[in-house]
Amino acid sequence: AALMIGREFAHIHPPPDNGSLHLMLPAADATEIIDKGWGEDHYHVSAGRLPKGLVLDFSPRDEADLSVIKTIISRSHAYALNRIP
């Protein structure tokens, strides 16, 4: 449940895309990130094809945003390593 494809827990959309990223999180974390405006459910989650936890995280606009995004990625990585139930 903590991985998207194979061993992938997150990926970034590099240029020419906007630098947003997809990542897997526990459902509670995904809800918190969405509630705080840092991302949104992946369209497959919104369509009911995948469970809560796959998130599109918005690209950072500045260094402060980047710090938050790094924390979110770290949380996703810990989830992938089964360090978060």
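Residues are numbered from 1 along each chain as its sequence is written, and side-chain values use heavy atoms, with hydrogens and water left out. In this predicted model, local features need pLDDT of at least 70 and side-chain atom pairs count only at pLDDT 80 or more, whereas totals for chains, interfaces and linings use all residues.

The largest pocket holds about 190 Å³ of space. A pocket is here an open set of points on a 1 Å grid over the protein atoms alone, where a 1.4 Å probe fits and protein lies on both sides within 12 Å along at least five of seven lines; lining residues have an atom within 4 Å of a point. Its volume is the space filled by probe spheres set on the points, which are joined across faces, edges and corners. The lining of the largest pocket consists of L25, D29, E32, I33, K36, W38, V68, T71, I72 and R75. Helices (H or I, at least four residues) and strands (E, at least two) are DSSP runs numbered from the N terminus. By class, five lining residues of the largest pocket are nonpolar, one is polar and four are charged.

About 160 Å³ of space lies in the second largest pocket. Of the 13 residues that line this pocket, L3, M4, M24, L50 and L54 lie nearest its centre. The lining comprises eight nonpolar, four polar and one charged residues; Ala, Val, Leu, Ile, Met, Phe, Trp, Tyr, Cys and Pro count as nonpolar, Asp, Glu, Lys and Arg as charged, and the others, Gly among them, as polar.

E8 lies in the segment before β1 (10-12). With a relative accessible area of 27%, E8 is partly exposed, a class between buried (under 20%) and exposed (over 50%), computed with a 1.4 Å probe on protein chains only. The side chain of E8 forms a polar contact of 3.1 Å with that of H11. Such a contact is a pair of N or O atoms within 3.5 Å; within protein, one must be able to donate a hydrogen and the other to accept it, and residues adjacent in sequence count only if both atoms are side-chain atoms.

H13, in the loop between β1 and β2 (21-24), is buried at a relative accessible area of 17%. Its side chain makes polar contacts with the side chains of H11, at 3.3 Å, and H22, at 3.1 Å. Beyond its neighbours within four places in sequence, H13 is in contact (heavy atoms within 4.5 Å) with N18, G19, S20, L21, H22 and L56.
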